[in-house]
Amino acid sequence: MLAAACAGAMASAQAQNAPSRIGFVYTERLMTESKLAKVADEKIQGEFSKRQKQVDEMIKRYKSSREKFDEDAPKLSDADRVRRTRELLDMEKDVQRMQREFNEDLIQRKNEERTAIAQKAFKLIEQVAEQEHLDVVLQESIWTSPRIDITDKILKLLDK
């Protein structure tokens, strides 16, 4: 009986002293290399291409108006010069607002897609960690041994 208790205590102590098993995942690779990420990028590109063209056209119109004003300015009366300067300033503000709104919407959409990918990836990471009896899975480090890198496994599962 005492021998069984000692053996149990020793097994428990050895389990506590057992080396930890660590895994590592490059999450940025999941967000850029997975099929889900590529499909999301194409989807977003399709959603935003029309607006991108509108922004580009507005910038082109502004630059054209600005160049025309620079050519015409010496020949304009003071009142016309002031009026066209105000028009250019208003146009520039509109361009900046349109660019800012476009960029904010694009970033928000990208974040939505990345969040969806991250949620799926984290579930898969948990599965792999349990299957391989890992004690911890890290996602950021200065240096990582390829021996503990499970990114490729997660990418393959994510792409299924």
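1. Val-95 is found in helix H4, and at 8% relative accessibility Val-95 counts as buried, where buried means under 20% relative accessible area, exposed over 50% and partly exposed in between, with a 1.4 Å probe and protein chains only. From C-alpha to C-alpha, Val-95 and Val-55 are 7.3 Å apart in space, although 40 residues apart in sequence.

2. The model is predicted, so local features need pLDDT of at least 70 and side-chain atom pairs count only at pLDDT 80 or more, while totals for chains, interfaces and linings use all residues. Residues are numbered from 1 along each chain as its sequence is written, and side-chain values use heavy atoms, with hydrogens and water left out.

3. As to the overall layout, the chain holds five helices and two strands, which run α-β-α-α-α-β-α from the N terminus on; helices (H or I, at least four residues) and strands (E, at least two) are DSSP runs, numbered from the N terminus. Of the 160 residues in the chain, 24% are buried. Among contacts between residues at least 6 apart in sequence, 82% join residues at least 24 apart.

4. Helix H4 has 54 residues and reaches 78 Å from its first C-alpha to its last, close to the 80 Å expected at 1.5 Å a residue, the expected span being 1.5 Å times one less than the number of residues. Just after H4, His-133 takes a positive phi of about 55 degrees.

5. Is Arg-109, despite being an arginine, buried or exposed? Arg-109, whose place is in helix H4, is buried, with a relative accessible area of 14%. Leaving aside residues up to four places away in sequence, Arg-109 touches Lys-43, Ile-44, Glu-47 and Phe-48.

6. Aromatic rings of Phe, Tyr and Trp (its six-membered ring) pair if their centres lie within 6.5 Å, with planes under 30 degrees apart counted as stacked, over 60 as edge-to-face and the rest as tilted. By this rule the count comes to two aromatic pairs. The rings of Phe-24 and Tyr-26 have centres 4.6 Å apart and planes at 80 degrees, so this pair is edge-to-face; Phe-24 is buried at a relative accessible area of 2%, whereas Tyr-26 is partly exposed at 35%. The rings of Phe-48 and Phe-102 have centres 5.7 Å apart and planes at 80 degrees, so that pair is edge-to-face. Because Phe-48 lies in helix H3 (residues 35-72) and Phe-102 in helix H4 (residues 78-131), the pair ties together parts that are 54 residues apart in sequence. Phe-48 is buried, with a relative accessible area of 8%, and Phe-102 is buried with 5%.

7. In helix H5 (residues 151-158), the residues Thr-151, Ile-154, Leu-155 and Leu-158 are buried. They cover an arc of only 105 degrees around the axis, which puts them on the same side of H5, the arc being that of the directions from the helix axis to the C-beta atoms. The buried residues of H5 pack against strand S1 (22-24), helix H2 (27-33), H3 and H4.

Notes. Contact means heavy atoms within 4.5 Å.
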